[in-house]
Amino acid sequence: MPEYQRHEHDVLVIGAGGAGLRAAIEAAHAGVSVGLVCKSLLGKAHTVMAEGGVAAALANVDDRDNWKVHFADTMRGGQYLNNWRMAELHAREAPDRVRELEAWGTVFDRTPDGRILQRNFGGHKYPRLAHVGDRTGLEMIRTLQDYAIYQPIDVHMECTIVSLLKDGNRIAGALGYDRERGRFKLFAAKAVVLATGGIGRAFSVTSNSWEYTGDGHALAYNAGAALQDMEFVQFHPTGMVWPPSVRGILVTEGVRGEGGILVNREGRRFLFDDIPENYRSQTAADEEEGWRYTQGDKSARRPPELLTRDHVARAIVKEVREGRGSPHGGVFLDISWIRSKLSNAEEHIKKKLPSMYHQFKQLADIDITREPMEVGPTTHYVMGGVRVDGDTQMSSVPGLFAAGEVGAGLHGANRLGGNSLSDLLVFGMRAGKYAAEFAARQSSPRVDAQQADAIVREALEPFNRQSDGEGPYQVEHDLQGMMQELVGIVRREDEMRRALDALKALNERARKVSVTGNREYNPGWHTALDLRNLLTVSEIVARAALERKESRGGHFRDDFPAKDPAYGKFNILIRRGPNGEMQVTREPIPELREDLKRIIEENK
Amino acid sequence: MAATESLARNVVESGRRAAERSDTSAGTQERSATFRVWRGTGSSGQFRDYQTKVSEGMVVLDAIHRIQAEDATDLAVRWNCKAGKCGSCSAEINGMPRLMCMTRLSELDLDKAVTVEPMRAFPVVKDLVTDVSSNFRAKKRIRKFTPRPPDAPDGTWRMAQSDADRVQEFRKCIECFLCQDVCHVLRDHHLHEQFVGPRLLVHAAQLEMHPLDILDRTNELKESHGIGYCNITKCCTKVCPEHITITDNAIIPLKERVVDQHYDPLGKLVRLLRGRRSAGTPPEEAQ
């Protein structure tokens with residue numbers, strides 16, 4: 001009979017990045033009891049890695065901006081697969097959420113008249129990203145953390161959830177273990193908010209930390225919730241490519257926002273060669289116009305480096321494949337060229353991009369004020385996730401909510417840079433609010449001891465297997481390599497079929513992995529458990545990608561390279577079937593509201 | 001266009017340099033190195049030697065991960081971003097408190113064993129993982145950010161970039177706690193309850209110098225946060241991976257405020273008469 005530490009909360013929030021913290025704060029404001037679980041120490045979540053800024057139509061820098069333009073930009077970027085209600089709420093509410101951060105202590109960079117400064121970013125028509133140099137994510141998480149610790153929130157640090165608990169159809173809580181001692185914790189909760197981030201560790205080249213093993217996606221899927229848009233994985237165009245040990249680490253889009261350009265080994269700005277039709281009217285005609293745009297000239301249009309991430313990433317892959325790449329298989333990203341434009345370029349770069357300067361200096365011996373960086377695409381974000389109601393963020397399982405990267409809908413087929421931090425705030429807040437409301441209406445759920453015991457027994461299995469079995473790291477490593485190769489940035493039917501076969505074999509191996517040592521802070525054991533989630537989400541991504549026989553946003557099919565309007569009418573949903581099989585269905589997108597239709601037309 | 005020409009030259013030149021890097025190093029050439037890693041829980045433990053292959057460009061955290069994957073699957077280590085932004089992988093490398101993810105092997109003498117041990121100012125949980133919870137508790141004792149009323153009718157504030165700059169330096173802190181690790185008040189004298197330590201003084205400084213904050217924490221800095229224990233050896237500044245000038249920019253100005261308020265009777269009288277900024281409400285009352 002396993003032993004548990006028992007905790008009871010009205011609302012249990014799983015994940016303490018931007019979305020989780022914001023949800024917990026909102027639920028605490030509503031007066032319900034709140035538990036907040038995080039896999040790492042508080043304040044270390046992946047939100048710290050966000051660099052460029054938080055998108056909100058404050059119109060501090062360009063007074064032509066407003067929520068309607070932001071809405072239209074988000075829909076265009078998402079290729080109209082977005083949950084348009086979420087895109088609307090996001091654009092309307094992001095400015096308030098940003099101002100609220102300032103009231104809680106965030107010190108954003110300022111305009112000359114002392115207001116919050118905003119910068120240009122890919123796919124945003126006007127300078128829209130409130131930022132703090134290139135460490136906006138750190139500033140945001142620290143603000144939320146330092147606000148949250150004074151709220152009545154029970155924080156459970158270094159705790160991993162292995163399964164959600166249900167009482168019939170509704171959510172009843174979650175079961176996890178504390179990483180430090182390996183003791184199991186049973187959380188009874190009337191509502192659960194998933195805020196677990198993404199799935200980047202399913203791929204070998206990634207900007208994501210070890211935490212990004214698709215936990216929330218898999219927890220929700222296993223609990224019967226529908227996932228949507230899982231074929232859309234964002235490969236950020238600029239990750240480091242050298243040295244090998246840092247491959248994948250993010251190089252912020254802010255470099256391009258500040259005037260950085262992408263060139264191939266011949267010194268050519270190749271992005272000018274292929275500008276997509278739907279962005280042609282918004283893109284600079286020549287280099288000079290592009291430069292003027294980055295310097296705030298309102299009459300200029302943006303340089304092609306600031307096209308959406310999916311497009312830029314594919315253009316880089318093309319250069320490399322056709323032999324025009326940099327020596328280590330990327331292209332050059334150059335900000336040092338602005339020395340020819342600005343007399344104080346060196347200081348300017350260090351001020352605007354301090355952590356990029358630091359990162360390249362320390363990890364690659366490169367002074368970005370003097371020479372170009374080598375960059376290439378890196379797995380960065382998953383647009384897909386738990387299908388939720390646009391207003392409340394509740395999933396198809398009563399009492400189960402999702403916010404931030406683990407939720408789906410806002411970004412459609414491709415996310416705009418800067419829309420992630422605002423997503424966390426807007427929908428973290430909404431999830432917390434509606435989870436608290438939901439919990440207030442519920443009686444305490446019944447926690448089924450047998451259900452919990454079975455979960456614990458399964459979680460402990462890796463200790464009981466033959467000790468000469470394979471360890472979890474090799475399986476994880478092979479999975480990442482396979483996904484990168486077969487379900488990566490360029491996809492084909494035959495390769496994805498091979499991926500499904502490979503996943504079967506990897507699942508077999510995963511079921512046999514054994515770990516040594518005891519339960520106290522044992523990364524081998526932790527990896528063995530995380531691996532189960534990675535395998536689940538990998539298969540979901542592959543199946544969704546197979547179903548979408550077209551190219552759109554983050555999903556590119558070599559065998560179907562064109563966009564197919566028929567595929568623009570539905571989202572792909574994946575659910576767990578009654579016999580444990582994956583069910584793939586097509587869910588029609590509800591027709592756009594008339595006023596929103598007009599906004600899109602006006603902003604074409 | 002002249003700019004484009006010089007750019008093309010720059011790119012070709014840097015392509016050549018990058019290729020050279022790959023000729024000489026590039027991760028294909030491997031060598032073996034020995035890492036002397038602390039293994040154990042609580043107060044019992046010992047160093048254990050691990051040999052692993054290393055290549056150019058690798059950082060200490062890569063080597064630890066390789067050892068973990070090959071030899072010691074239960075080797076405990078905290079890490080997250082692997083880019084010096086989250087402050088999780090703090091340890092002592094050859095006796096120096098550093099982030100493992102930002103310490104390149106090329107800086108170390110690999111002909112000798114590289115020692116990697118947990119931060120010694122904190123209790124060991126297991127291997128390289130320490131119990132840093134005292135820092136989280138200490139932060140709660142510092143009164144929270146409290147802004148002045150908004151400057152504009154729409155609920156927003158105005159502040160100059162120069163004022164923002166001053167606290168942005170402190171707000172760069174990634175909470176790696178290396179400064180706490182190296183602080184002799186904590187490390188050698190174990191005064192964790194009496195002295196909040198450099199990290200939390202940086203936190204207090206960003207609050208005290210925050211352009212919008214209106215509280216005065218001077219009294220509790222002296223009375224309960226123990227700022228007087230710091231005798232400005234500047235060890236914390238030396239190890240800060242974010243290059244925050246902890247002592248000069250954060251601690252000394254706070255110390256000056258304490259001196260001004262507590263040991264300068266004339267100044268005290270003037271402040272009393274002016275009635276500005278209510279000094280030193282105890283933390284319990286303020287929350």
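**Entry 1: the two chains**

I began with the interface and found that chain B and chain A bury about 6,400 Å² between them. Carbon and sulfur atoms carry 57% of that buried area. A reminder to myself: this is a predicted model.

Next I looked up who takes part. On the chain B side 78 residues are in contact, and they meet 80 residues of chain A. How many salt bridges are there between chain B and chain A? I got 7. I looked at one pair by name: A:Glu51 forms a salt bridge with B:Lys85, and their closest N and O atoms sit 3.2 Å apart.

**Entry 2: salt bridges overall**

Over all chains, the count comes to 81 salt bridges. I picked out A:Arg269 with A:Glu305, where the closest N and O atoms are 2.8 Å apart.

On to helix pairs. I keep two values for each, because two packed helices are described by the angle between their axes and the distance between the axes.

In chain A, helix H13 (residues 472-486) and helix H14 (residues 493-512) have axes that come within 10 Å and cross at roughly 175°. Angles over 145 degrees count as roughly antiparallel, so that is my label for H13(A) and H14(A). From H13(A) I noted contact residues including A:Val475, A:Leu479 and A:Met482. From H14(A) the contact takes in A:Ala499, A:Ala502 and A:Leu506, among others. Sorted by class, the contact of H13(A) with H14(A) has 10 nonpolar, 1 polar and 5 charged residues.

**Entry 3: helices H1 and H11**

Helix H1 (residues 18-29) of chain A packs on helix H11 (residues 419-441) of chain A at an angle of about 40°, the axes being 7 Å apart. That angle makes H1(A) oblique to H11(A). Which hand does the crossing of H1(A) and H11(A) have, left or right? I have it down as right-handed.

H1(A) brings A:Gly18, A:Ala19, A:Arg22, A:Ala23, A:Glu26 and A:Ala27 to the contact. Among the H11(A) residues I see A:Gly428, A:Gly432 and A:Lys433. The residues of this H1(A) and H11(A) contact divide into 7 nonpolar, 3 polar and 3 charged.

**Entry 4: helices H5 and H15**

H5(A) makes the contact with A:Asp215, A:His217, A:Ala218 and A:Tyr221. H15(A) answers with A:Asp530, A:Asn533, A:Thr536, A:Val537 and A:Ile540. By class I wrote down 4 nonpolar, 3 polar and 2 charged residues for H5(A) with H15(A).

**Entry 5: backbone notes**

Two loop spots went into the notebook as well. Is the peptide bond from A:Trp242 to A:Pro243 cis or trans? I found cis, with omega near -5°. A:Pro243 lies in the loop between strand S11 (233-240) and helix H6 (254-257) of chain A.

The other spot is A:Gln79, which has a positive phi of about 55° although it is not a glycine. I located A:Gln79 in the loop between helix H2 (67-77) and helix H3 (84-103) of chain A.

Definitions and conventions. Residues are numbered from 1 along each chain as its sequence is written. Chains are lettered from A and ligands numbered from 1 in the order in which they are written. This is a predicted model: local features need pLDDT of at least 70, side-chain atom pairs count only at pLDDT 80 or more; totals for chains, interfaces and linings use all residues. Side-chain values use heavy atoms; hydrogens and water are left out. Axes are lines fitted to C-alpha atoms, for helices over the stretch in contact, and angles run from 0 to 180 degrees between N-to-C directions. Helices (H or I, at least four residues) and strands (E, at least two) are DSSP runs, numbered from the N terminus. Angles under 35 degrees count as roughly parallel, over 145 as roughly antiparallel, 65 to 115 as roughly perpendicular and the rest as oblique. Contact means heavy atoms within 4.5 Å. Ala, Val, Leu, Ile, Met, Phe, Trp, Tyr, Cys and Pro count as nonpolar, Asp, Glu, Lys and Arg as charged, and the others, Gly among them, as polar. A crossing is left-handed if the near helix is turned anticlockwise from the far one by less than a right angle, and right-handed if clockwise. Buried area is the accessible area (1.4 Å probe) that two parts lose on being put together, summed over both. A salt bridge is a side-chain nitrogen of Lys or Arg within 4 Å of a carboxyl oxygen of Asp or Glu.
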